[in-house]
Amino acid sequence: MRNAWFGVSVAIGVLALSMTTFEAQAPAAGAQPAARGGREGAAGDQGGARAGRAGRGGRGAAPAGPSKPTPRWPDGRVNLSQVPGVKGFWNVMTGSPIAPGGLSTNLTLDQIPFQDWARALYEYRRTRGGLDDPHARCQPAGGMRVFTVPNGLEIIDQPELNRIFIIGGENRDWRRIAMEPGRKHPSEDDLIPSYFGDSIGHWEGDTLVVDTVGYNEKFWFIRGGLPHTRFMHLTERFTRINFDTLRYEVTIDDKGAYTRPWSGGWDIPWQYTNYDGTPGGEIHEYFCIDNERDAVEFAGK
Amino acid sequence: MNRVIYRIQSEGRKTVMLVRTGRLLVLIAWIAAPASLAAQEGHPVVGSWHGDRGNGPKARTDITVIMDWDGTQITGVVNPGFENMKLQSAKLTPKDWSVHFEVESKDASGKVTRCLIDGKIDRLGSDQRTLSGTWVCGAVKQDFKLTRDRDYSR
């Protein structure tokens with residue numbers, strides 16, 4: 001009988017430990033990037049400036065000197081990805097729509113038009129140091145957050161199929177952007193809430209504009225925990241301002257969490273090497289769950 | 001001697017059984033743990049909440065509350081079904097994460113009683129957060145505790 005209780009106790013203990021560690025594995029805000037490249041490197045609300053600098057002189061960054069001009073396809077459209085003979089990928093890692101950091105037009109925290117509950121929840125999450133962050137428990141980096149996580153991403157343009165894919169090394173996440181002329185979002189009843197939503201894109205000059213709705217509420221759309229609801233509607237603008245820099249601008253319209261739409265953005269640098277700095281220039285596979293160590297490292301912290 | 005051998009064998013079988021049972025429970029616990037990963041990170045009251053109300057541990061009545069947020073107000077029902085009660089004057093106060101709502105309850109004679117429910121959210125960062133407080137219908141005052149269900153669809 002004593003053994004039976006021991007067995008049950010062990011099971012309960014393991015369950016408790018599992019749940020505790022799953023809830024407690026987020027690194028504290030401001031933690032440095034893990035060498036294995038598993039998580040965003042800096043607190044989401046302060047990392048944008050670092051992202052902007054990384055493209056000119058960081059690991060795998062562009063050669064010294066001014067950037068080459070924005071590459072184009074033979075038909076004149078902007079090429080948002082690799083060009084023949086020059087490998088590489090967009091190395092995100094940091095970025096936030098909140099100043100300081102990011103673009104000079106970003107709002108400061110006190111300017112973000114939070115609803116009362118959303119501001120209070122954001123402040124609560126900040127006091128927790130990211131412990132409740134679903135991404136720290138290997139949930140996908142939904143919404144704009146896919147442009148802040150490490151392991152690189154590529155933008156695959158398939159004009160003949162009226163679609164653009166954004167593929168990332170992080171968990172091999174991918175987004176499909178529908179480019180069919182006249183395409184509409186499904187009705188609210190038909191939309192299945194998801195981490196990356198339903199995206200429709202079009203070109204405005206040299207800028208790719210992407211309109212996305214249909215998000216679920218299972219993720220934080222930026223590190224730090226800005227709240228959102230199922231009403232979130234993102235309008236993203238991608239502009240390759242030169243060969244080495246992709247300017248990402250986003251407008252957040254969420255009547256469930258904010259009193260009015262607001263905008264922010266950051267620059268994403270081109271990386272010429274593999275993620276670890278070795279020659280190659282290819283994004284690599286990284287699955288959070290395979291490399292999960294924070295469950296141990298951050299247990300109880 | 002035989003009795004001793006039998007006892008040792010019996011104990012051995014029992015030990016093997018217990019070890020197997022223990023392993024099974026550990027496996028179940030391990031499999032169940034990742035279920036906690038599903039979360040709801042939007043407005044804190046949104047979702048289905050289950051629990052009970054009453055006075056003391058024995059006299060409890062099960063209750064289900066479903067709440068939603070349309071961007072300006074909290075809507076929902078208590079005990080969805082034929083005898084559901086629509087939430088009225090529902091409000092979340094983020095300062096202390098307190099929740100207030102009212103419902104109109106009918107007794108067997110059809111008499112309507114207004115119920116005032118005041119609670120506080122605990123474990124805010126968990127998808128299985130709780131809401132507990134007082135449930136007052138007329139002169140009857142009870143305590144209640146609700147736990148938010150996990151939700152995989154939102």
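Predicted model: local features only at pLDDT ≥ 70, side-chain atom pairs only at ≥ 80, totals over all residues.
Across all chains, the disulfide count comes to two.

**Disulfides**

- In chain B, the sulfurs of B:Cys115 and B:Cys137 are 2.0 Å apart, S to S. Both B:Cys115 and B:Cys137 are buried.
- In chain A, a disulfide links A:Cys138 with A:Cys288, and here too the S to S figure is 2.0 Å. A:Cys138 is in the loop between α3 (116-127) and β2 of chain A, while A:Cys288 is in the loop between β9 (262-271) and α4 (294-297) of chain A, so the bond ties together parts that are 150 residues apart in sequence.
- What is the handedness of the link between A:Cys138 and A:Cys288? The link is left-handed, with -70° about the S-S bond.
- How accessible are the two chain A cysteines? A:Cys138 has a relative accessible area of 15%, which means that it is buried, the cut-off being under 20%. A:Cys288 is buried as well, at 1% relative accessibility.

- B:Arg123 is another non-glycine residue with a positive phi, near 55°. Look for B:Arg123 in the loop between β7 and β8 of chain B.
- Is B:Arg123 buried or partly exposed? With a relative accessible area of 47%, B:Arg123 is partly exposed.
- A:Asn162 has a positive phi near 55° too, and belongs to the hairpin of β2(A) and β3(A), which has four residues between its strands.

- Strand β2 (residues 153-158) of chain A is mostly covered, with five of its six residues buried.
- Strand β3 (residues 163-168) of chain A pairs with β2(A) in the antiparallel sense, over six bridges.
- A:Glu154 is part of strand β2 of chain A, and its bridge partner in β3(A) is A:Ile167.
- Residues up to four places away in sequence aside, A:Glu154 touches A:Ser81, A:Gln82, A:Phe89, A:Phe165, A:Ile166, A:Ile167, A:Glu282 and A:Ile283.

**The chain B sheet**

- Nine strands of chain B make an open sheet with antiparallel pairing, in the order β4-β3-β2-β1-β9-β8-β7-β6-β5. Its edge strands are β4 (85-86) and β5 (88-93) of chain B, each of which pairs on one side only.
- Within chain B, strand β1 (residues 47-55) and strand β2 (residues 59-69) pair in the antiparallel sense over nine bridges. B:Asn55 stands opposite B:Ala59 in β2(B).

**The nonpolar core**

- The largest nonpolar core counts 74 residues, and A:Phe147 and B:Phe101 have the most contacts inside it. The element that gives the most to this core is α3(A), with five residues.
- In soluble globular proteins, nonpolar side chains tend to be buried together.

**An exposed isoleucine**

- A:Ile192 is in the loop between β4 (174-178) and β5 (198-204) of chain A. Its relative accessible area is 69%, so A:Ile192 is exposed.
- How far apart are A:Ile192 and A:Ile112 in space? They are 28 Å apart, C-alpha to C-alpha, and 80 residues apart in sequence.

Note on methods
Residues numbered from 1 in each chain as written. Chains lettered and ligands numbered in written order. Heavy atoms only, no water. Buried < 20%, exposed > 50% of the residue type's maximum accessible area, 1.4 Å probe, protein only. Helix = DSSP H or I, 4+ residues; strand = E, 2+ residues; numbered from the N terminus. Pairing = 2+ DSSP bridges. Contact = heavy atoms within 4.5 Å. Disulfide = S-S within 2.5 Å. Core = buried A, V, L, I, M, F, W, Y, C linked by side-chain atoms within 4.5 Å.
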